[in-house]
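Reader: Please show me the model. I would like to go through its cavities and then one of its sheets.

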Amino acid sequence: MRLNKLFASMLLVGAAFSGNGWADTFQPFKVADIQVEGLQRVALGAALLNLPIKVGDTIDQVKLQQAIKSLYASGNFENVQVARDGDVLVVEVRERPTISAVSFDGNKDIKDEQLQESLNSSGVKVGESLDRTMLSDIEKGLQDFYYGVGKYGAKVEAQIINLPRNRVELKFKFTEGLAAEIRQINFVGNEHYSDEELAKLLELKDFVAWWNLFGERRYQKQKLQADLESLETFYHNNGYIRFEVASTQVSMTPDRKGLYITINVKEGEQYKVKEVNLTGDLMGREKVLKTILPLKTGVQYNGADVTFTEEMYSKYLGRFGYANPEVKTYPEIDDEHKEVTLNINIKPGKRVYVRGINFTGNTVTADEVMRRELRQMEGAWLNDALIEVSKARLNRLGYFETVDTETVPVPGADDLVDVQFKVKEQPSGSFNAGIGYGSYSGMSLQFGIQQSNFLGTGNQAGITLNTNRYQKSVNLSYTDPYFTKDGVSLGGSIYWSAFDANNAYLERYKNNSYGVSTTLGFPINEYNRINLGVGYRHNEISDVSSYQQAIRFYNLYRNGADPNDSLSFDNFELSLGWSRSTLDRGTFPTAGDSQRLSGRMTVPGSDLQFFKADFETSFYFPLNRSHSWVFLTRARLAYANGYGKYHDNDQILPFWENYYTGGSSYLRGFKSNSVGPRAFYVYRGSESCSPDAAGDSCSLPGDVNQVYVRSNRSIGGNALATASAELIVPTPFLDEAYSNSVRTSFFLDAGNVWDTEFNYDLYKYLPADSYAELADYSDASRIRASWGMSVQWLSPMGPMVFSLAWPIKSEDDDDTEIFSFNIGKTF
C-alpha cells in the first residue's frame, strides 16, 4: 500500500517532521526499488543521477531531505513529492515547463534585443525550462532600470501563458509612463564656485533653452554618478585635494513627475605642490625620469597632471618591455601649510617578450598584408609605442573600419604575451566616378571600379570605364605597394580617353588621348615617401572654339595651309612626388596631418614643354577625447607654365592642362569646374579677331563699332588656390556603431583659379565699355567662397557624399549648385 504522507515541503523544512507527528512514526527502511513518476522531457537516467539514493541503500529522514534538495537543485523540477510503497521509494515530480516563446509589449525605452540579452544572461530563453521563482526578481530588475532613468510610474508584469505539452509562452508587459523632469538642482556647501559655474559641469540639466532641440531635463541615475565624478575631477584639478561629495538627495514631487536634486559638497582649501619624489625601482633611469617629469613644485595641485604623469611613466616603461608597470602616486597632505608632497612609486614588474602576433576579423585581407605593416616584432620586447605605430599603420591602409589591440598573457609563463590585433573590415573598393546629381547640372552616369585591396593582397587594381555625354575613357591600373620587402612600390597604368569639353559645360574643344605610365615609390621613414614616374602621352586636339585664350596657344602650332586641321602632340613625361602622413586612419581620419607635393613635366624635346606643380595639406585637430568633434583645415596650391622656346616664341601651358575648381571636391556650392577665368571672344564683322603678341590691332575688315566682348564658360587657369575649414560633428540620430563609416561636417570653402600669363592689356584697343567688362570678369583678385553642410557615408558601393552649400559670393547665378549628391567621389 502506497503511503503518500511524506511531502517535499515537509522534508525541506527541518521543523516539519517535529511538528506534525510524522517524525515519530517514520522508520528507516532498505530501498528495494525506486520509481520516478511524472517525467516528460527529462530522461529517467538523468533524474536518477540527481537522486543521491540507490537501490539497496537504507534511508532515513536526513537522506530523504538530501534527495529532495538534490532534485530541486537540478533545475528540472518545480514540484517534488516522495512516498513509500512497502520497500519501494516512489518519487513523484512535476517538471518545469519549457519556454516556447518570449515576447515584449509596451517597451519603448528598452529595445527587444536588449531585453532578450538580459533574459539570456538569467537563463530565460526559448527552449529552456522556466524557473517561476526568478520572475519576480526579473520584474524588479527591469522596474529598477526605469526608475534609474526617471520613470517612477513604470510597471513591469510577467505573464505566463500555458500551452499544451507542458510548454509556456512568457510575455512581459510594460507600462513605461512619463519620465520625471528635473525641477531644480541645488548645491550646498560650495563657497569658491557659484551654483551656475558648477551646474555647467553637469550633464543633467534643470533648464533647457527653447532653441536647444536636443537638450532635455530627464533624470538618469547613471548620469548623476558621472556628474558627481565630474565635480570631483574639477575640484581636484583646481587644487582642492580634500574635496568630497558629502551626500546627494533625490526627492520626488507628490505627483511623481518632478525631481529635486541636492548635492552637498565639502570643498576644503586649495593646496600647492611642495615636493615630488620618485620612489621604487627606477632601473637606473632616475635622471631621465626626473627630466621628463611634468609635475613642478610650488604650483597649484592638479589631479589631471598627476594622472597624466602616471600614464606617461607607464607608457615610457612600456617601451622597454615592461607590460604591466605599476605607477601610483601617494600624496602626503600638510593641512597646516596647505601643501602636498607627491610620492610617485614605480614598480616596473617583469620584462615581457612577445611570443606571437595574431589577427582576427580579417576575412578578406591576408595576414601577410597586415603583418608587413607591423613594427612590433615577435620574439622582441613588448613595446607599447611600437604597437601604437603598428595600429596606426593598419588604420592608414583604409581597409579597416576599426583596429583594436589586446595583450594576452601566455599561461604558465610570466614573461611572455601574445598580441592580438582585432580588425573590422570595411569596403576597400569603390566606383571611380559613379552616379552624380546636382541641382543645376542634373544627373551624370559613369562607371568605374577601383579596388585598393585586390583579393586581399593589399595591391591596388582598377579598371575605369567612363561613358557619358562628354567623355569616353578606359583606364587600367595596378600597384604593388610592396614590390620589394623594403616597401618599394611599383605601379603602372594604360589609358585612353575621348573628351568633348563642350558637353562638359566647358568652352568647346575635343581631346583624344592615350598613354602609358609607370611609378616607383620609396619609403623614407614611417611618415614620408617619395615617388618617381615616367610616362608617354599622345594628345589630338580638334574643334577648338575661337576664344582668345585658346587662339593664343593654337596660333603657335596650327597648320598654316589648313588652319582648321587638328593638332597632335607626343610627349614624354617625368614625375616626382613627396607625401607625408601622420593621420590616424586611412578613411575618415580624426587626428594628424598629411601633405602631398607632386610635380610633372614634359621631357625637353617633346612636342610640348611645360611643367605642373601641386601641393595639398590637411590638418585634423580633435576637440575632445573621443574624437567625435574634430576641426579640419585643408588647402591646395597649384601652378603650371611652359618652359623653353618654340619657333622663337615662349612655350605656354596647353589649355587642356589648365586647373579647374568648383564642385564636391574643393569649392562646394558651385558647379563642377565653373570657377575661374571665362572665355571671351572678339569679333569684327563675322570673323574672329585676335591681336598679335605686340598688341597690334586686328587687321580683319569690319566696322570698329561692331567689336564687342562676350564672357562665356569657364576655361580654367594655370594657378589655383583653395582652402577649407570644417567642423566635424557627431551625426544626429545615428547609432555609435556607425560613427566610423558616416561623417557629418559643417564647412567653409574659399578659392579661385587664375590665368597669370594671359595679357589682357593687349585688348585695350577695344571700346572703353567692352574693355571695362573684360577687366571686370577677369579680375584675378576675386575669391569665391561658400558654406554649408556635408554628410559622407562609406557604403558597400563606395563613398557617398551629400552636400548642401550656399555661395557667399557669386558673379553668376548659373555657377551655383546648392544641392549635390555623388556616389564614388573621392573625399
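Reader: Which helix gives the largest share of the lining of the largest cavity?
Author: This is a predicted model: local features need pLDDT of at least 70, side-chain atom pairs count only at pLDDT 80 or more, and totals for chains, interfaces and linings use all residues. Residues are numbered from 1 along each chain as its sequence is written, and side-chain values use heavy atoms, without hydrogens and water. A cavity is a set of points on a 1 Å grid over the protein atoms alone where a 1.4 Å probe fits but cannot get out; lining residues have an atom within 4 Å of a point. Helices are DSSP runs of H or I, at least four residues, and strands runs of E, at least two, numbered from the N terminus. Four lining residues, the largest share, come from residues 548–557, helix 14.

Reader: Which residues lie closest to the centre of the largest cavity?
Author: About 180 Å³ of space lies in this cavity. Its lining has 16 residues. The closest to the centre are Q549, R552, L653, N658 and D755.

Reader: What is the strand order in the open sheet of three strands?
Author: Two strands pair if DSSP finds at least two bridges between them. Strand 7 (98–105) and strand 8 (155–163) each pair on one side only, as edge strands. Pairing is mixed, and the order is 7-9-8.

Reader: Which residue stands opposite V156?
Author: Strand 8 pairs with strand 9 (residues 167–175) in the antiparallel sense, over nine bridges. In strand 9, the residue opposite V156 is F174.

Notes:
1 Å grid on protein atoms, 1.4 Å probe; cavity = no way out; pocket = protein on both sides within 12 Å on 5 of 7 lines; lining within 4 Å. Points joined across faces, edges and corners; volume = space filled by probe spheres on them.
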